[in-house]
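Hi there,

Here is the structure I promised to pass on.

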Amino acid sequence: MFARVVWLVLRKDLTVEVRSLEIAYTTLFFAVSCVLVFAFALVHEGRAPEDGAAGILWIAIAFAGTLALGRTFERERQSETLRALLLAPAARPAIYVGKLLGIVTLLVAGEMVLVPLVALLFQAPLLARPLWLTAILVTGTVGFASVGTLFAAMLVRARSRDVLLPVLLYPITVPVIIAGVRATAALLQPDVEIDILRFWLALLVCFDIVFVTLALWTFEPLMTD
Amino acid sequence: MTGFDFDDLAVEDVSRHFGRRRAVSRITFRTTRGAVLGLLGPNGAGKSTLLALLATLLRPSAGRIRYGTHDTAVHGPSLRASIGVLGHDLFLYPELTAHENLEFFAGLYALADPRAAAADALRQAGLADRAGDAVSSFSRGMRQRVALERALIHRPRLLLLDEPFTGLDDASAAALAARLRTLRETGAIVVLATHDLDLAEGLFDSAVFLRDGRMVDVVDRPEALRSTYRHIMSRAHTVPSVSRTEG
């Protein structure tokens, strides 16, 4: 039943998004603009600052992710459909996981555009080790989105939710973003040290486990009142 | 019915506070299967808060709500399977078709065949020919019919309605009232909060009158609803006490 509810919520979110493409367009437009601005500011005569690509990539992911989180739950608020989800006899953590996977899917889809763009503009060999990069991006995105999904759901009825979401989200997800930046920067070195990569990736996995567990534990009581 | 079944609903001395603000205070009433109970009162009387409490979306600050022998504290998700809610907002995804909306909710309520349940519900709503159209293209009345079927798709014992007549034309409102009477005959417990006293005339088996979060009167089989309402509310303005009146 848990997996079925997760699938239902995920499929519904993706269907709604495919029909409207609202979040995909806005987050992608924002993220691409962000990367372009940094590229014009930091790249001179074809030379980008060392490790700059890693930082810019994760800044774009974090900002676009915040936008996506806000819009996803704004959509649930407009017709009070979040209330309908909470009224269903389904396990509420399953609803959380379904929403989380929907946001992660959207962000990973956006990253598939962002990564080649950053690699091109910053002359960074991001695609040299695609499996490592995929692992770093997916674990980092899950860590960021797991906290973001919980906070966005909590704040859905707050009047100043657009201000409160980043204020609450960034301080808690800074460790995830730093680990993501360091892991990506390690990947960009001419001689990649696998031990360092493994360390940052393990840290990201630990963050994911802690954040997802805490979110699953707190989602039901937080959404009841 | 997929959840717990129950024969009566009892609200016992229930209060709900939001910080220092008192939304409802010491509400007590009981209703049984095959009855329609009205929650009546002006804006801010506490009707929607009371419905949210009955729907298990909020927990009482004091008192308790019993669904037969069951309590929300013990039987949360199973109890929700026996409750249907039609809010002022319709709880539908405008980007999805009517069939997709109903199939999604049928799946959430773990019905054996969500697709067939959605098709049946659309036939009941008289919208089978619009099954594949996005809900955003529907009129308010059509959306309301889909929303009612969404609330009823799992055949709940308890149906909670918040201002269900808002925005409906006369024919749609009459159809909704007729559907509620049918539900009463099939043994559902219906709790309906409304301002529309003319449309609700003759529909209630009992009515709870609320003002400023307090219960000011309970009337069994209320007649001449508008004049009863005026009388009770003007009395409540001067004498804040609870009484029970035979209609």
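**A covered strand in chain B**

Strand S8(B) is covered on both faces, with Ile189(B), Val191(B) and Ala193(B) buried on one side and Val190(B) and Leu192(B) buried on the other. A residue is called buried if 20 or more other C-beta atoms lie within 10 Å of its own, exposed if 12 or fewer, and partly exposed in between, with C-beta atoms placed from the backbone. Helices (H or I, at least four residues) and strands (E, at least two) are DSSP runs numbered from the N terminus.

S8(B) has parallel partners. Strand S3 of chain B (residues 35-40) pairs with S8(B) in the parallel sense over 5 bridges, and Gly38(B) stands opposite Leu192(B). Strand S7 of chain B (residues 158-162) also runs parallel to S8(B), joined by 5 bridges; here Leu158(B) stands opposite Ile189(B). Pairing requires that DSSP finds at least two bridges between the strands.

Before the rest, a word on conventions. This is a predicted model, where local features need pLDDT of at least 70, side-chain atom pairs count only at pLDDT 80 or more, and totals for chains, interfaces and linings use all residues. Residues are numbered from 1 along each chain as its sequence is written, while chains are lettered from A and ligands numbered from 1 in the order in which they are written.

**Helix packing**

In chain A, the axes of helix H5(A) (residues 92-121) and helix H6(A) (residues 130-154) come within 9 Å and cross at roughly 135°. Axes are lines fitted to C-alpha atoms, for helices over the stretch in contact, and angles run from 0 to 180 degrees between N-to-C directions. H5(A) and H6(A) are therefore oblique to each other (under 35 degrees is roughly parallel, over 145 roughly antiparallel, 65 to 115 roughly perpendicular, and the rest oblique). The residues in contact include Leu100(A), Ile103(A) and Leu107(A) of H5(A) and Val138(A), Val142(A) and Ala145(A) of H6(A). Contact means that the C-beta atoms, placed from the backbone, lie within 7 Å. By class, the residues of this contact divide into 10 nonpolar, 3 polar and 2 charged (Ala, Val, Leu, Ile, Met, Phe, Trp, Tyr, Cys and Pro count as nonpolar, Asp, Glu, Lys and Arg as charged, and the others, Gly among them, as polar).

**Between the chains**

The contact takes 25 residues from chain B and 21 residues from chain A. On the chain B side, helix H2 (76-80) and helix H3 (98-108) are the elements that give two or more residues. H3(B) gives the most, with 4 residues. The chain B side has 16 nonpolar, 4 polar and 5 charged residues.

Asp51(A) has a positive phi of about 65° although it is not a glycine. Asp51(A) lies in the loop between helices H2 (22-42) and H3 (52-78) of chain A. Ala224(B), likewise not a glycine, has a positive phi of about 45° and sits in the loop between strand S10 (214-220) and helix H8 (225-238) of chain B. Ala224(B) counts as exposed because it has 12 C-beta neighbours inside 10 Å.

Best wishes

Technical notes. Contact = placed C-beta atoms within 7 Å.
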